[in-house]
Amino acid sequence: MIRQRVKIFLAIPRLILTGRTNFGYCHVCRRKTIFLKTGDWLRDQYLCPICHSIPRQRALLRVLESEFPQWRDLRMHESSPCGPASEMIRRQCPGYLASQYFPDSPSGSNHDGVRCENLEKMSLNDGEFDLMITQDVFEHVLRPELAFSEISRILKPGGAHLFTVPLYQGRKTVTRAIAMPDGVKYLQEPVFHSNPVDDAGSLVITDWGDDLSDYIATVCGMETEIFSVNDASLGICGEFLEVFLSRKSTTSMESPS
Ligand SMILES: [Zn+2]
């Protein structure tokens, strides 16, 4: 990580000379910065050199700040935290709980000091949280209908799920793999994303499309708003940068499922 940071730092003069930088404000480190385009895939290669955030993390924090200005006082759960946005939230929110998914560890157990929670069957209480956060998790969940319902269950009435996930606009959702009694059945060519807690990576289960909001409403009753921003002055440019905010009804007593 240090070697990577030094490499990026040393690249700054070249990036300035080639016009691959711009000044702006970073919502993750909350500072004026100079954003660096270190490659053409801006989703992963448009960096803030101060906090090393990428665009989707800045987009998530922007929505968190605007929709929940009191977020530091909330009871919050994040599944599979990763990167500077998670770290910033953890540092500033006393009511923040982080969990990771380990297939062989039951929900609520401790895995080398990390709390384990399976999004499809969490050990957390009903109505325990104001806010749930997931960052690029839901394309990997095998039974997303269970996970969305579980999130609705652990949220208080009026609570919300703030998340990022790659959205394929102009397309319907494609299920790439399904759960079978004897394991996972591939319906499409297997695709894996990197996983900070598993060197084998994470299998992509779903390519979400335009029907994502309808799907969430159907499986758990939550209404979803989509935030799309393309703003270089905020370092939010690139591919798949939508932020989703699903709200639980203030009159909800329990998940409809
Ligand atoms: Zn930053």
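**Exercise 1. Determine which residues Arg 43 touches, not counting residues up to four places away in sequence, and whether Arg 43 is buried or exposed.**

Step 1. With contact taken as heavy atoms within 4.5 Å, Arg 43 touches Ile 54, Pro 55, Arg 56, Asp 136, Pro 166, Gly 238, Glu 239, Phe 240 and Leu 241, once residues up to four places away in sequence are not counted. The model is predicted, with local features needing pLDDT of at least 70 and side-chain atom pairs counting only at pLDDT 80 or more, while totals for chains, interfaces and linings use all residues. Residues are numbered from 1 along each chain as its sequence is written, and side-chain values use heavy atoms, with hydrogens and water left out.

Step 2. Arg 43 lies in helix α2 (residues 42–45), where helices (H or I, at least four residues) and strands (E, at least two) are DSSP runs numbered from the N terminus.

Step 3. Arg 43 counts as buried because its relative accessibility is 8%, the classes being buried under 20% relative accessible area, exposed over 50% and partly exposed in between (1.4 Å probe, protein chains only).

Step 4. The side chain of Arg 43 also reaches the backbone oxygen of Phe 240 at 3.0 Å.

**Exercise 2. Identify which of the 33 residues in the largest nonpolar core touch the most other members, and which element gives the largest share of this core.**

Step 1. A nonpolar core is a set of buried Ala, Val, Leu, Ile, Met, Phe, Trp, Tyr and Cys residues joined through side-chain atoms within 4.5 Å; in the largest one, Trp 71, Ile 89, Leu 131 and Leu 162 touch the most other members.

Step 2. Two or more residues each come from α3 (55–67), α4 (83–92), β8 (129–135), β9 (155–164) and β17 (243–247), and the largest share, five residues, is from α3.

Step 3. Apart from neighbours within four places in sequence, Ile 89 is in contact with Leu 61, Leu 64, Trp 71, Met 76, Tyr 96 and Ile 133.

**Exercise 3. Explain why helix α5 (residues 144–154) is described as largely enclosed by the rest of the structure, and state what covers its buried residues.**

Step 1. Helix α5 is largely enclosed by the rest of the structure because nine of its eleven residues are buried.

Step 2. Among these buried residues are Phe 148, Glu 150 and Arg 153.

Step 3. The cover over the buried residues of α5 includes β4 (76–79), β8, β9, β15 (206–207) and α6 (212–220).

Note on methods. Polar contact = N/O pair within 3.5 Å; in protein donor to acceptor, adjacent residues only side chain to side chain.
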